[in-house]
Amino acid sequence: MQQNLRLRNWKDKVLLAFSALMIVCCPTAALADPPAGNWQLKFSDDFNGSGLDTGKWTPCFYWAPNGCTNGGAGDLQWFSPNNVSVGGGILRLRAERKPSNGLNYTSGMIASHDKFAFQYGYVEFRAKVPKGNGFWPTLWLLSQNKNWPPEIDVAEFVGSNTNNVHMTIHYKNGSGAHESSSGWWGGIDFSGGYHTYGLLWEADKLVWYVDGVERRRYTNSGNIPDEAMYVTATLALGKAWTNSPPDNSTPLPNNLEIDHIKVWQRN
């Protein structure tokens, strides 16, 4: 009896130590779930194949072939299908110093326009972002009706400061002019590993989650999109809203790595 008790205590100590190690070393090991409720998975890609699933994704914006960049936002890269790869259960959007179509850089993106769009639900990305001046990785939603705004940025990063994740809604005000509401959360270096970024989108609220924990809430229902939106992931290069374009210190080539993208809707 005493020997068995000692054995159990030893096992308990090992399990406790292992759990502590997982918390310290691997804070993103557990995947997030949708908030409480009755949900049905509507869209999912775990990137377990050997190439991009073109039944779900297009590696360019809908205004291709002349729109494989977003010049209006100050992008410095051309998006190319050659910079999109899948392997080992990971999607990689690769940025590199490779001139194309008059731009100095080439990178990768995916969008589900004309293939999958949804109105209201919970969308989740699990991703690892690159660190360095000029990187501008964004996980976002855009209008299937090809209007702008609206736009919802589930997670947006400035490569020169990957300790903050930015969460933004873009909308038209009563006069039809563009406005936005943005917030950020930080405290860790998001380039250090994979993290889960989620958005609950309902008619009366937007709620942003990081690793399953609510980090921002927006409740002005008059500005919340009420139309179908598609899923987009981009690794742009540019100044973004800072004065930090790519320079000689920027570690290129580099990747935005995505482990999965999922969308649920309430039953």
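**Contacts, strands and a pocket**

Tutor: Start with Q265. Leaving aside neighbours within four places in sequence, Q265 is in contact with N38, W39, Q40, K42, F118, Q119, Y120 and G121. Keep in mind that this is a predicted model.

Student: What makes these residues contacts of Q265?
Tutor: Contact means heavy atoms within 4.5 Å. Each residue on that list, N38 and Y120 among them, is in contact with Q265.

Student: Where is Q265 placed?
Tutor: Q265 is in strand β17, residues 254–266.

Student: How do you know that the side chain of Q265 has a polar contact with the backbone oxygen of Y120?
Tutor: Take the distance. A polar atom of the Q265 side chain lies 2.8 Å from the backbone oxygen of Y120. The cut-off for a pair of N or O atoms is 3.5 Å, so this pair is within it.

Student: Q119 is on the contact list of Q265 too. Why is Q119 called partly exposed?
Tutor: Its relative accessible area is 34%. Buried means under 20% and exposed means over 50%. The value 34% falls in between, so Q119 is partly exposed.

Student: Where does Q119 lie, and what does it touch?
Tutor: Q119 lies in the loop between β7 and β8. Not counting residues up to four places away in sequence, Q119 touches W201, D226, E227, A228 and Q265. With D226 there is a distance to check: the D226 backbone oxygen lies 3.1 Å from a polar atom of the Q119 side chain. That is within 3.5 Å, so the pair meets the distance cut-off for a polar contact.

Student: Now the largest pocket. What makes a residue part of its lining?
Tutor: A lining residue has an atom within 4 Å of a pocket point. For the largest pocket, 26 residues line it, and N70, A73, W136, W140 and E151 lie nearest its centre. β9 gives the most to this lining, with 5 residues. The pocket volume is about 510 Å³.

Conventions: Residues are numbered from 1 along each chain as its sequence is written. This is a predicted model: local features need pLDDT of at least 70, side-chain atom pairs count only at pLDDT 80 or more; totals for chains, interfaces and linings use all residues. Side-chain values use heavy atoms; hydrogens and water are left out. On a 1 Å grid over the protein atoms alone, a cavity is a set of points where a 1.4 Å probe fits but cannot get out, and a pocket is an open set with protein on both sides within 12 Å along at least five of seven lines; lining residues have an atom within 4 Å of a point. Grid points are joined across faces, edges and corners, and a volume is the space filled by probe spheres set on the points. Helices (H or I, at least four residues) and strands (E, at least two) are DSSP runs, numbered from the N terminus. A polar contact is a pair of N or O atoms within 3.5 Å; within protein, one must be able to donate a hydrogen and the other to accept it, and residues adjacent in sequence count only if both atoms are side-chain atoms. Buried means under 20% relative accessible area, exposed over 50%, partly exposed in between (1.4 Å probe, protein chains only).
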